[in-house]
Amino acid sequence: LLEFAGLADKAGAKIDALSGGMKRRLTIARALVNDPQVIFMDEPTTGLDPQARHLVWDRLKSLLSAGKTLILTTHFMDEAERLCRRVGIMDRGELIALDTPRNLIEREIEPQVVEVYGDGVREWADSLGRARSSRVEVAGETAFCYAADAAPLLATLDGWPSLRALKRVANLEDVFITLIASAPDNFKVAA
């Protein structure tokens, strides 16, 4: 199990000498001592650097391949999207969505997302007015724009040199944000 967790070279180390990421991986190894068929994990990669997070994901995928069942609670939607065959999204203790990650993304959100950020993002979002062909939500200093075709939206950025944009495909985090923001009584800031 130490080998599985990438800690074989630390077998003789005291726990206090381990980094936070190593301690997290050791916790996972300890959970596997009895070779359980079902493993409950709460935020398994919290506090890990990106390299350690990917190592843990690889290890968890190998458990799935070995026929184990993992039940995760996580706020990291990329983790849920990578590891889970089914995802349940909860808000205030109530299940508001349940399906495969891919089905949730296809059903709940437009396929393209443009994140626009920088000085003047709220003004830019307000300037879209009725001409916009996509849904725009402003959170802090970032406008999240959801569209079937991002090209017209990207064209509106001409003349706004202080703004930067990142175009990407929609993911499970977008679904989470949209569902939670649209749930009754939740605070939502929209452009």
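The model is predicted, so to speak of local features a pLDDT of at least 70 is needed, side-chain atom pairs count only at pLDDT 80 or more, and totals for chains, interfaces and linings use all residues. Residues are numbered from 1 along each chain as its sequence is written, and side-chain values use heavy atoms, with hydrogens and water left out.

**Exercise 1.** Find how many cavities of 30 Å³ or more there are, and describe the lining of the largest cavity.

*Solution.* 
- Step 1: Take a 1 Å grid over the protein atoms alone; a cavity is a set of points where a 1.4 Å probe fits but cannot get out, and lining residues have an atom within 4 Å of a point.
- Step 2: The count is 1 cavity of 30 Å³ or more. The largest has a volume of about 50 Å³, volume being the space filled by probe spheres set on the points, which are joined across faces, edges and corners.
- Step 3: Its lining consists of Phe4, Ala5, Arg25, Ile28, Ala29, Leu55, Val56 and Arg59.
- Step 4: At least two lining residues come from each of α1 (20-31) and α2 (50-65); helices (H or I, at least four residues) and strands (E, at least two) are DSSP runs, numbered from the N terminus.

**Exercise 2.** Work out the volume of the largest pocket and which element gives the most to its lining.

*Solution.* 
- Step 1: A pocket is an open set with protein on both sides within 12 Å along at least five of seven lines.
- Step 2: The largest pocket holds about 680 Å³ of space. Among its 23 lining residues, Leu72, Cys84, Arg86, Val87 and Gly88 are the closest to its centre.
- Step 3: Two or more lining residues come from each of β2 (69-73), α3 (77-83), β3 (87-91) and β4 (94-99). With 5 residues, β2 gives the most.
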